[in-house]
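Work through the following exercises with the sequence and the coordinates open beside you.

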Amino acid sequence: MKNFLLIICAAILIAGCGNQIQTVPPLPGTLPIILSAEKIDTDIYFDATVSMKGFTTLAAGNVYLTLPDLLGDLCGAAGEVKFYGFGESIYALDGRSYRNFATPDVYNEAITAVANVVDRADTSHLSIIVTDLFESDSDWSNVAQKLREKFFANHLAVAVIGIRNSFYGEIFDVGLTAAKFNYSSWDDPNRYRPFYLLVMGRDDVVKNFLRKFNERQTLPNDTGYLLLTENLTESDFSNVELSEVENFYSDDTLGLEANVKEFGLDNFSEAASFMLTWKYEPTLGSCPINFSEVDTAVEIFSVDGEEWSPIEKNDLRVRLLKDDRQSGIFLVKVSLTPEKSLAEGKLNFVRIKILPKEQNFKLPSWVELWNVNVDGAAKNFDGSKTVNLTRILGSLKDSVFAASRPALMNINFVVTP
């Protein structure tokens, strides 16, 4: 579910409680964008620094060698695909020269600047960065800040796909002493070294790419997925079961999209409530969530002329109850007193978000397993793992909470006068 919807309703005359609503302005908030046959262009950026060369040198257990063709084929089915190489600067790749990234000769850049790629990324496209998550000068906080401002703050998603791949080559700038290591995984999967795809774009497009990429994986390499978005599930208010409805009745006078329910009231002065049954279905790459505590955010608006005006005070209450009889099933009770929460004689719009608490929102377990923290002399370096991975991906998790807090579910409904 998205946080900024654009619904344009035709002018409709509605009689109720002696008042007339002459127009229904665009509803505040957002609806999910449904994938259609629209074309989605993709920009793919390959990290051309020397530290990536080792992924191309061994044949056994090598997913990386097929990656340029796989990405070109997978993304080309949706729209135009453009390839780029980058180190400190970014350069376009002509024709099918992107296939050279399956060979070691093209990896000769000395500086990695993922931050520059984020600056360059077109937010209307799907952007994919192929990298080992190394950033020159260890300045990953700068990358996280740019992702927060450009993507999370604009209700877009960022995903990380990690793949453990055979590796023979040099690893640079490890620890405070910037140590260099020669490392070989041989043909031992336990020694494979991870590389990553940083996937950025519209929420539905990123989720769709993760699904398709996962379906196309043919080798048994360890693969980890992390999805950071403000829309934590794909369920919405259009496919939930309502029960125990009191003082509300279903109405379809406005003909709104299914994601927004439409209710009328039997009595404006009596308490109104409904219960819905909701199944939590995490998407690929979702972070584990502890449901023992959740927050709710409530906004209520009423029509004022041709605009929606916020109502500052309300007594709306939301309760989330776990159904112990079925795994992942929750009951959500929404209740309010209309005369304390709504504008009488006007069209009202209610937006409710159910939100996980930040401390109950954890990184997937694979992140810690693939992480290595090194001391100043890099004595405990392990080439099969990524230096400071938990800190790097943890900074991205913190960024999505800082910019646009993730929601488990959006409950959107209007109440007609």
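Axes here are lines fitted to C-alpha atoms, for helices over the stretch in contact, and angles run from 0 to 180 degrees between N-to-C directions. This is a predicted model, in which local features need pLDDT of at least 70 and side-chain atom pairs count only at pLDDT 80 or more, while totals for chains, interfaces and linings use all residues. Residues are numbered from 1 along each chain as its sequence is written, and side-chain values use heavy atoms, with hydrogens and water left out.

**Exercise 1.** Describe the packing of helix α3 against helix α7.

*Solution.* Helices (H or I, at least four residues) and strands (E, at least two) are DSSP runs, numbered from the N terminus. Two packed helices are described by the angle between their axes and the distance between the axes.

Step 1: the axes of α3 (residues 140–150) and α7 (residues 389–403) come within 9 Å, and they cross at roughly 30°.

Step 2: angles under 35 degrees count as roughly parallel, over 145 as roughly antiparallel, 65 to 115 as roughly perpendicular and the rest as oblique; α3 and α7 are therefore roughly parallel to each other.

Step 3: with contact meaning heavy atoms within 4.5 Å, α3 contributes W140, A144, L147 and R148, whereas α7 contributes I392, S395, L396, S399, A402 and A403.

**Exercise 2.** Compare the span of helix α4 with its expected value, and list which of its residues are buried and what covers them.

*Solution.* Step 1: the expected span is 1.5 Å times one less than the number of residues; α4 (residues 203–216) has 14 residues and reaches 20 Å from its first C-alpha to its last, close to the 20 Å expected.

Step 1: taking buried as under 20% relative accessible area, exposed as over 50% and partly exposed as in between (1.4 Å probe, protein chains only), the buried residues of α4 are D203, D204, V205, V206, K207, N208, F209, L210 and F213.

Step 2: the elements covering these buried residues include α1 (67–76), β6 (126–131), β7 (157–165), β10 (193–201) and β11 (223–228).

**Exercise 3.** Is L126 buried or exposed, and which residues does L126 touch?

*Solution.* Step 1: L126 lies in strand β6 and is buried, since its relative accessible area is 4%.

Step 1: not counting residues up to four places away in sequence, L126 touches I40, D41, T42, D43, V199, M200, V205, V206 and F209.
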